[in-house]
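Q: I'd like to go through this model with you, pockets to begin with. Can you take my questions as they come?

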Amino acid sequence: LHPDDRERVRLAMNRAQASGGPFAEDYRVLLADGTVRWISARGSMEMNEGHGPLRMRGVSMDNTEWKQAEEQSKQVVEAAPYAMIMVDAAAGIVLANRQAEITFGYGREEMLGRPIELLIPQRFRGHHPALHQGFFHNPSARAMGAGRELFGLRKDGTELPIEVGLNPIHTSSGTFVLASIIDITERRRIERESLEQRD
């Protein structure tokens with residue numbers, strides 16, 4: 001095992017032995033040539049008649065390529081020039097990139113686990129649960145609020161005009177929605193100035 005993962009795996013194994021419960025961990029192994037590979041281990045503990053650990057059975061799978069793809073996906077989301085927020089079926093925020101922090105003024109840790117309504121002005125919150133459920137009943141890539149003006153709510157209570165693109169993300173843990181959010185404050189300002197000049 002990779003030195004940085006040994007203690008975490010040991011503690012997980014001890015918990016499985018003590019409880020007779022399942023064991024599920026992802027960890028790195030360090031090969032003789034210095035190569036690092038990712039392993040997913042899943043197993044269950046068999047207990048003896050005295051409820052002590054007898055043996056653990058399970059599988060270990062090399063998922064290095066999957067982990068690398070996951071890391072690349074995270075880097076793409078993090079490097080996006082606009083806010084990206086992923087929400088689960090219960091409308092909880094499960095992912096937010098750096099640009100989301102800049103756009104809304106919250107730290108990432110302040111957003112994760114909170115309902116998406118945190119970023120929606122009060123006057124729109126009543127309609128949002130039905131819209132959210134509607135998306136999950138018919139998930140497809142689309143613009144949100146076509147024909148309507150959309151606004152986000154910053155931590156300081158100010159509102160900003162936004163455009164939102166929605167994309168369903170299907171995973172083994174269920175379906176999520178990835179929202180790409182663009183702050184169009186500057187675009188609106190330019191449009192107003194152009195209109196005033198024409199007038």
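Q: How much space lies in the second largest pocket?
A: About 510 Å³ of space lies in the second largest pocket, where a pocket is an open set of points on a 1 Å grid over the protein atoms alone, fitting a 1.4 Å probe, with protein on both sides within 12 Å along at least five of seven lines, and a volume is the space filled by probe spheres set on the points, joined across faces, edges and corners. This is a predicted model, in which local features need pLDDT of at least 70 and side-chain atom pairs count only at pLDDT 80 or more, while totals for chains, interfaces and linings use all residues. Residues are numbered from 1 along each chain as its sequence is written, and side-chain values use heavy atoms, without hydrogens and water.

Q: Which residues are closest to its centre?
A: Of the 13 residues that line the second largest pocket, Trp66, Glu70, Met86, Ile169 and Thr171 are the closest to its centre, lining residues being those with an atom within 4 Å of a point.

Q: And what is the volume of the largest pocket?
A: The largest pocket has a volume of about 600 Å³, and among its 29 lining residues Ile120, His128, Leu131, Met144 and Val164 lie nearest its centre.

Q: Changing topic, is Asp5 buried or exposed?
A: Asp5 counts as buried because its relative accessibility is 4%, buried being under 20% relative accessible area and exposed over 50%, partly exposed in between, with a 1.4 Å probe and protein chains only.

Q: What does its side chain reach?
A: The side chain of Asp5 reaches the backbone nitrogen of Arg28 at 2.8 Å.

How values were computed. A polar contact is a pair of N or O atoms within 3.5 Å; within protein, one must be able to donate a hydrogen and the other to accept it, and residues adjacent in sequence count only if both atoms are side-chain atoms.
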